[in-house]
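Here is a quick tour for someone meeting this structure for the first time. Have a look at it, and then we'll walk through it part by part.

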Amino acid sequence: MTGKYFGTDGIRGRVGESPITADFVLKLGWALGRVLARHGRHLVLIGKDTRISGYMFESALEAGLSAAGTDIRLLGPMPTPAIAYLTSTLHAGAGIVISASHNPHEDNGIKFFSEHGVKLDDATEAAIEAELEVPLATVPSADLGKVSRFDDAPGRYIEFCKSTIGRDVRLTGLKLVVDCANGATYHVGPQVFRELGAEVVAMGDQPDGLNINVDCGSTAPEALRERVQQQGADAGLAFDGDGDRVIMVGADGTVIDGDQVLYIIALARHAAGRLRGPVVGTQMSNLGLEHALAREGIGFARARVGDRYVLELLREREGLVGGESSGHVVCLDRTTTGDGIVAGLQVLERMVRTGTSLTELASGMHQYPQHMINVPVAERARPEDLRALDDDVAAVERELNGTGRVLLRPSGTEPLIRVMVEGQDAERVARYSERLAAVVAERLQ
C-alpha cells in the first residue's frame, strides 16, 4: 500500500515543501502517538542522520508526540538499523528515523519501526493517515509526554553489531577504510571495526549538516576506491547517509556492489548449512547473481524494487538473506532490517575464516552488463500502461535467446519509464535498450 503521504519507505520529500514541513511533522508525531495510545503504548524512540533539518523535525516530532501523551527518548544521530534494534530491545511502542537515506541534505524524511523493529504494516500507516485528517487536540497538562536523552545508544548498538559474527572471529591484521558518507554511521561505524581488532582509516566522518552523501558513501564509491589503494588496505566499506546500505571495495580497487555482497553472504550461510529458503533479490538484481547462486544449488526469487518488498518476500518464502544491488542487504538471522555495518561484518567474517581476499570471494559471480534509460512521460504511468509494449519486449527477449532479460517499469516517484536490458554482450544490450526506449517514447509520451 502507498497512501496519501506514505510511500514504500515512510514519508520523504524536499525540506520546506509539503509534506516535509515542521507543521506537518508535528501533526505526524501527534497522529502516531494517538494510534499507539489505542494499544497502551506510550514510548517512542527518535533517531536521525546528520542533515541540518533533522534538528527542526526532531523538535516537531517531540511536540506532537508530547501533545498526544507519548514519552520520547532521543537517540541523536544513529543509523536507521540501530533505531530498529533499539526499539525492539528497549520495548518501545515505535521508533522514528529522521532521514532521507542516500539523498542530499535538501531532502529529508520520516521512517517508522514497530515495537518489533520492523517497518509499520499497512493498517498502522492507514490509521496514522486517518488521524492526520482530524483536528489536533492536546491531552491534559498532567498527561503530556516527557522527553529524555538515551546517551547509551551508540554503545549498545556497537555491541550488537559485534555480536553478529562469531565470537572467535577477530579482524586483527586487516586494514580497512570506512567511508561513513558524513552520515549517521560517522561515530559508530569505525568504532565497531576498531573494537574487533582492525586498523581503521575513517573518511566521510566529519558531518557538518550539509555534506551528507556529497561525493562520498555508497552512492559515490570512487573516493573509497582511491583511498583503499592509496592506503594499501585489505578492503573498504562505504555506507549511505543513514547506514542501511553498504558497498565494498577490494584491495585491488574492485568495487563490490550489493548483489556481490549478497552472493558472498549467501554462499557463507550455504557452506555452513544454515541457509534456508531462497535468496531474495529484486527485479533489478543482476542476472549474474541468479546464475551464480543456481550453480551452487541455491534458489533465487525476485521481489519488487524496494527493501520493504524484499523483506515481505523473505518472510513469505521463509528465507534468511536478501537485498538490492544498491547495497541494502538483509540478514534476518542477525537483525530485522537492512544494516550496512552488519552486512559488511558478515563479508569480513568470510574473508577471515577462508583466508580469501574480498575480490576473490566475489569472483564466482559474473556481472552481466546492464543498460538503463529513463524515458520521460507526460504523467505518472501505471504498470498496466506498459502492456501495450508486450510484443516489443517479447521480440527483444527472443533475440536475447535466454542470455539476458528486459525490464520495463514506471518510476514510483517521477513521470518516467525505466527501460532496462541486461545480457552477456554490452553492445547488444545498449542497442536493445535504446530501441525499446524509442518505442516507449513514441507510444506513451
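This is a predicted model: local features need pLDDT of at least 70, side-chain atom pairs count only at pLDDT 80 or more; totals for chains, interfaces and linings use all residues.

## Helix 10 and what covers it

Helix 10 itself spans residues 307-317, and its buried residues are Asp307, Arg308, Tyr309, Val310, Leu311, Leu313 and Leu314. What covers them? The cover includes one other helix, helix 4 (122-131), along with strand 12 (279-282), strand 13 (300-303), strand 14 (321-323) and strand 15 (329-331).

The largest nonpolar core has 65 residues, and the ones that touch the most other members are Leu176 and Phe193. Leaving aside residues up to four places away in sequence, Leu176 touches Leu171, Phe193, Ala198, Glu199, Val200, Val201, Ala235, Leu237 and Leu348. There is also a second, separate core, this one of 30 residues, with Ile11, Ala67, Ile72 and Ala127 among them.

Next comes an open sheet of five strands, with mixed pairing and the order 8-7-9-10-11. Strand 8 (199-203) and strand 11 (255-256) are its edge strands, each pairing on one side only.

Inside the sheet, strand 7 (residues 175-179) pairs with strand 9 (residues 235-239) in the parallel sense, over four bridges.

## Strand 17, wrapped up

How many residues of strand 17 are buried? Seven of the seven are, so the strand is largely enclosed by the rest of the structure. Gly404, Val406, Leu408 and Pro410 point one way, while Arg405, Leu407 and Arg409 point the other way.

Strand 17 runs antiparallel to strand 18, and seven bridges join the two. Val406 stands opposite Val421 in strand 18. The side chains of Glu422 and Arg405 also meet, in a salt bridge (2.5 Å, N to O). That pair links distant parts of the chain, with Glu422 in strand 18 (residues 416-423) and Arg405 in strand 17 (residues 404-410), 17 residues apart. Both Glu422 and Arg405 are buried.

Across the whole structure, a search finds 28 salt bridges. One of them joins Asp9 and Arg12, whose closest N and O atoms are 3.8 Å apart. Asp9 counts as buried at 17% relative accessibility, while Arg12 is partly exposed, with a relative accessible area of 31%. The two also belong to a network of salt bridges that links Asp9, Arg12, Lys111, Lys119, Asp242, Asp244 and Asp307.

Another salt bridge joins Arg245 and Asp240, with 3.9 Å between the closest N and O atoms. Are these two buried or exposed? Arg245 counts as buried at 15% relative accessibility, and Asp240 counts as buried at 0%.

## Asn213 in its loop

Asn213 sits in the loop between strand 8 and helix 7 (222-231). Asn213 is buried, with a relative accessible area of 10%. A polar atom of the Asn213 side chain lies 2.8 Å from the backbone oxygen of Asn103.

Which residues does Asn213 touch? Not counting residues up to four places away in sequence, they are Arg51, Ser101, His102, Asn103, Ala181, Thr219, Asp240 and Gly241.

## Cysteines without partners

The structure holds zero disulfides. For Cys180, the nearest cysteine sulfur is that of Cys216, 9.3 Å away. Cys180 is buried, with a relative accessible area of 0%.

Cys331 is in no disulfide either, and the nearest cysteine sulfur, that of Cys161, is 12 Å away. At 2% relative accessibility, Cys331 counts as buried.

Terms used. Residues are numbered from 1 along each chain as its sequence is written. Side-chain values use heavy atoms; hydrogens and water are left out. A nonpolar core is a set of buried Ala, Val, Leu, Ile, Met, Phe, Trp, Tyr and Cys residues joined through side-chain atoms within 4.5 Å. Buried means under 20% relative accessible area, exposed over 50%, partly exposed in between (1.4 Å probe, protein chains only). Contact means heavy atoms within 4.5 Å. Two strands pair if DSSP finds at least two bridges between them. A disulfide is a pair of cysteine sulfur atoms within 2.5 Å. A polar contact is a pair of N or O atoms within 3.5 Å; within protein, one must be able to donate a hydrogen and the other to accept it, and residues adjacent in sequence count only if both atoms are side-chain atoms. A salt bridge is a side-chain nitrogen of Lys or Arg within 4 Å of a carboxyl oxygen of Asp or Glu.
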